[in-house]
2 protein chains.
Amino acid sequence: MSQWTVETSDATKVVQNGNTFLIANGYLGYRGTLEEMSAKDFVAVNLLGVYDKHGDAWREPVNAPDPLHLTLSVNGEQLTDETPKLAHRQWLDLKAAVHHRQTTFELGGVQVTLTTERFASAADEHLLAGKVSVQVDRPAEVVIDHAIDPKVWDLNGPHFVDEKPITDGILLTTGEGDLVAVTQRVDALQWRSSGTRLSTEAKPGVTYTYTVQALVYTSLDVPAERLVSTITQGLHETDYQDQLAEHKATWAKRWDRSNVQITGDNDADLALRYSLYQLQSIAPHHLDLSIPARGLSGQTYKGAFFWDTEMFMLPFFLRTDPEVARRLLNYRINTLPQALKKAQHYGYQGAFYAWESQADGRDATSDYNVTDVFTGRPMRTYFKDKQIHISAAVAMALWSSYQLTGDVRLLTDGGLQVLIECAKFYYSRSYWSPLKHRFELLDVLGPDEYHERVNNNAYTNRAALATVQAALEGVVVVAKADPERLKEIQQQVDWGTWQARLSDYVVDLYIPEPDADGVIPQFDGYRDLENVFVPAVRDRLLKPNEYWGGAYGVASDTQVIKQADVVLLLKQFQNDYTTEQKLLNWQYYEPRTEHGSTLSASTYALVACEIGKADWAYPFFMQSATVDLTGKSKQFAGGVYIGGTHPAANGGAWMDVVQGFCGLQEVDGRPTVASHLPSHWQSVSFKVCVRGRWYQAQVTQDTATIQPM
Amino acid sequence: MSQWTVETSDATKVVQNGNTFLIANGYLGYRGTLEEMSAKDFVAVNLLGVYDKHGDAWREPVNAPDPLHLTLSVNGEQLTDETPKLAHRQWLDLKAAVHHRQTTFELGGVQVTLTTERFASAADEHLLAGKVSVQVDRPAEVVIDHAIDPKVWDLNGPHFVDEKPITDGILLTTGEGDLVAVTQRVDALQWRSSGTRLSTEAKPGVTYTYTVQALVYTSLDVPAERLVSTITQGLHETDYQDQLAEHKATWAKRWDRSNVQITGDNDADLALRYSLYQLQSIAPHHLDLSIPARGLSGQTYKGAFFWDTEMFMLPFFLRTDPEVARRLLNYRINTLPQALKKAQHYGYQGAFYAWESQADGRDATSDYNVTDVFTGRPMRTYFKDKQIHISAAVAMALWSSYQLTGDVRLLTDGGLQVLIECAKFYYSRSYWSPLKHRFELLDVLGPDEYHERVNNNAYTNRAALATVQAALEGVVVVAKADPERLKEIQQQVDWGTWQARLSDYVVDLYIPEPDADGVIPQFDGYRDLENVFVPAVRDRLLKPNEYWGGAYGVASDTQVIKQADVVLLLKQFQNDYTTEQKLLNWQYYEPRTEHGSTLSASTYALVACEIGKADWAYPFFMQSATVDLTGKSKQFAGGVYIGGTHPAANGGAWMDVVQGFCGLQEVDGRPTVASHLPSHWQSVSFKVCVRGRWYQAQVTQDTATIQPM
């Protein structure tokens, strides 16, 4: 039976629960905190695509005031952090995407039970709604103040420079001049009300309930002059139960397409489903944007979009929600101008996509992304200027999406320009070695971010090659499908000059090969570094939160790496390598990998499946699938808070099950599956959409079938 | 009148005096400590070219036991650090190269005056000799133990694994298996002697004197089996006064050729003369070796030879002691095989000379040359693998020596191979930019060592160009002079393959030019760095001895540099730049230069003279000329002791006066001078040798003449 509930009875893990029990709808995320909590507990209504920069700090997404906050008093005594909890449960109903809590407090001399539910509407992205109930064990005066809490948790705020009351709510202005409006309607028939204050002489055995509907709008949604009228008119339309029903119906449709059923392993079944809950909660269903690296769980990583989306989330959406997938791809197509600008800034041609891409495509990455825990000084990092494989991630995502969907409009509507501009970028970023007769990509940061400024990172070079190949093949495809459009594009990208260059480049770009031991060196000189495993390097830490990478980190001069790098190469370019090569390199690199990024485990799992080692894969899959349930992830990197949810791990978990354990592949638009199930699993069933057609797959230990529906 | 004496009455500055009052003869250096001092006071008999590596520590030169050590007792009371000094004077007689000290102690109830002299013989490099006298103010029993002190000061020792008594001395074996023998003969007619113990019932008014002659030999000088017989037979030949006379005669010849007389500025006159004393003391008069960066003052910098020799010392020797100059050049010719090996090790062709070259040419540089003062960890540095301008320093030295001397044998006897192999190295180290159509030198460390891993360091690129030009011109010269020999050389260096490559390279190598503001960027992107001056950066130090450079140093992301870099370019390639360009760049870079290397000041002084700013030059010249007198230099770099003497500053001081203030230039073998004297100087006179002919120069404020002698 499917597992649909995630719960806890431990209310003390405030930060972790805030992540685990997130509700979201792609427009806003509401952290899984409790209603009586406030900014100090990391309560946040995190908004997608609304940013502000306070002083010299990082530009980060804006949190809106909290319209679901309540203050509870019983017999004149107010609920505080110290109020004893006699019973407590907090749970997510994944199917309905509704958050619940029930807590019995000892307060004002009585036992009072607070029961709530809430959801971020999937049907109306502006709507945040909830229901609150109170029961007492003996007669008591219960007072609740259910007002919008204007105190906002910020990593690098405050971001609001002005605050004005409006009917039923408040209107705020960010430092960048954007407006954020929040309104609230409380329906409390059983209560006396005065403003936002509700009170009742409660009797035992009676449940006192009210509902709250809140709207959040910003001036990015509607023009500033219509913002207040829109939000105040929006409040009084439908009632809570209807809103909840619409929300559930939307989620039912989602689950119908996306649900994956694992039998024989309830933990895995639940963890994967939870991962898909996260992904579908935070996906931009309403706009051509992308998914922040920490979802909508807070301001970590500046609310920016990373390669995480293309590499680890897009595969899921492409096959279960093509509309969302197209929005994600459109986001990159639409932000090409910023990528062109970034390349130009660094003296290159073509498109250099942002490492941390905010809504308009600008690169939010700081040149100093880590703090030295020994000196308190910012450390120069190279994510922004040298992690050039981001452009390949975009190009490969576009190209593989075209291959999967067969939709040539993806190329004609901007995709081909992206492919060609990314290809130009790699060419212009390359140098020619006159004695070795090859192009090289020098001074880069590969996926393993601990080793900075390396030459010929195998993954980066191969990904650059794939990019240029895609550009050349894309031209051929569009030439057939729409020769007129091709002419326009060719003129825009100066194809006359570039065709010959790029054709040479695919022949002459250096792709590192396995060395005499069969090991593909991660970069030039990698195997000359100290040959130690992860525990030895961990033992050298002087402070637990010091940065492992950079110029002088404990890992920097060793072969210990942060995350899958060569193994990502094996995964991404699976047809380039034999099973034997994959096995040897997996075994070489795994003990040298810290898995210090949540992008790592799912990749190791995938490649393990390919080499027939499902039981090696299993713990990596579970690590990936459960990261937001267990809270076992890094909270700090070199003094900087990096907590939140991990959508790339969520997406990686889906890839592990569907592409790994179930061996899903699509060749020429036809899906196939193959059984690589862990030995204790009985079966997996799921649906996927390929070239517009839906398929039902069923994989057991012995059988693997996929059929059109 | 010439100044010939350097003195102090402050005996407390033990380490500084040890450097300032060094005596040396190119074979060994004896630090300017006092006779009663020992290892804890950095007493050292530092040997040229004898190295040992203890454990994992750096390979460093070996110090021999001290044969001039004494222990003094009066009336049974022994002289210690606490014994009161009633009077003290320590001085160097620069003309004779003899060290003197005279101290009156209150010891054993009497006032006892100890007077000594000592010298490291310039006539016999194995000989260290001294004279000791004692006077008392009332009758007393004086006992002196004048034994070889076997306790040796080491930075990274101990280096002796075995010690054996031999007649009159000891024989030691280093960890590398080399033998070091020290013997001693004491002539003490006025004393009772018993072994090494001398005693007398001293009377007031009588001076009790003895002399010591000590020999130092190693198995690098004579075969191990003849070592003991050689050193014991050597001891009894001549008496002290004859030895001293021979020593003085040798120095008289040196001074006759090298002395520079400055009138109108006694401080400058003395400081320069002292600098020349240092240079001539430590020059390898007996072997084809070079001059360590800290002379023979200790083990700092591993007793290794740096570009310091070619850039800052060779100009002096070339023009005043051609025999020594030729030895210095031969050293590089002889160590070409190691340079070829080093290039090969890093994947390049040609000759990559050692950054810290020990006697056989091996690179003693550690990949971890600095210690992080915050963590105590070694820091990865790039002196060894990326400071590639060392090969150019060697090549330019050879080529300019050929031009100055006109001696084509320098080229035919190995020099041309060096030029060509260095040229091959730069070509193989370069990459071709296909869009910019030029060769570039990427990922280097320039003279300013604070900015690591930069691209297109202007100095390095220009020096590489000079190297390749010299190779091409060298071939033309040898073609004329000795076509048969040229054929042999061309075969050895595969000239058939390389001629075309190198001919293209001199056209296509990128040489950074002045930007729109007229500033020559030190490297790609230099002017995008934070634009601050030195004091602002100094204020950011958290610890006084932290490293300014590296990845995260206070200077690293700013325009503040360690030492002359673009200004060295202006000096080295003076004909490439207009006076206006030199002026603008001097003024731009000077406030951004820490002068954290003693190579810096003399270069700024030289270029200041060229642009007609002798009074700007003067303080830099004085800083350079007095560094070993004042002791004002860095003693630590990132936790590592770097103290000692500064021969590059000594040589730079000579260049400042002769080439700067007196404008010496040689065109086609004919020297010219021009007056750029500081305004308070009256005149400078000196001699130089050009193409085997000696010239006498005389420069005043208004006149400048140079005449063959």
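Helices (H or I, at least four residues) and strands (E, at least two) are DSSP runs numbered from the N terminus.

The contact is formed by Trp307(A), Glu310(A), Met311(A), Leu314(A) and Leu318(A) of H5(A), together with Ile390(A), Ala393(A), Val394(A), Ala397(A), Ser401(A) and Leu404(A) of H9(A), where two residues are in contact if their C-beta atoms, placed from the backbone, lie within 7 Å. By class, these residues comprise 9 nonpolar, 1 polar and 1 charged, with Ala, Val, Leu, Ile, Met, Phe, Trp, Tyr, Cys and Pro counted as nonpolar, Asp, Glu, Lys and Arg as charged, and the others, Gly among them, as polar.

Chain A is assigned domain 1 (5-231 + 241-255) and domain 2 (260-708), the bounds coming from an automatic or database domain assignment. The centres of domain 1 of chain A and domain 2 of chain A, taken over C-alpha atoms, are separated by 36 Å, and their contact draws 32 residues from domain 1 of chain A and 29 residues from domain 2 of chain A. On the side of domain 1 of chain A that touches domain 2 of chain A, at least two residues each are supplied by elements including helix H1 (14-20), strand E4 (45-53) and strand E5 (59-64) of chain A; this side has 16 nonpolar, 9 polar and 7 charged residues.

Between the chains, the contact takes 20 residues from chain A and 20 residues from chain B. Strand E22 (residues 431-433) of chain A gives the most to the side of chain A that touches chain B, with 3 residues, and that side divides into 10 nonpolar, 4 polar and 6 charged residues.

Chain A is superposed on chain B by a rotation of 180 degrees with 0.1 Å of shift along its axis (RMSD 0.1 Å), by least squares on the C-alpha atoms of residues with pLDDT of at least 70 in both copies. The two copies are thus related as by a two-fold rotation axis, and in chain A the C-alpha nearest the axis belongs to Trp432(A), 2.5 Å from it.

Residues are numbered from 1 along each chain as its sequence is written, while chains are lettered from A and ligands numbered from 1 in the order in which they are written. Because the model is predicted, local features need pLDDT of at least 70 and side-chain atom pairs count only at pLDDT 80 or more, whereas totals for chains, interfaces and linings use all residues.
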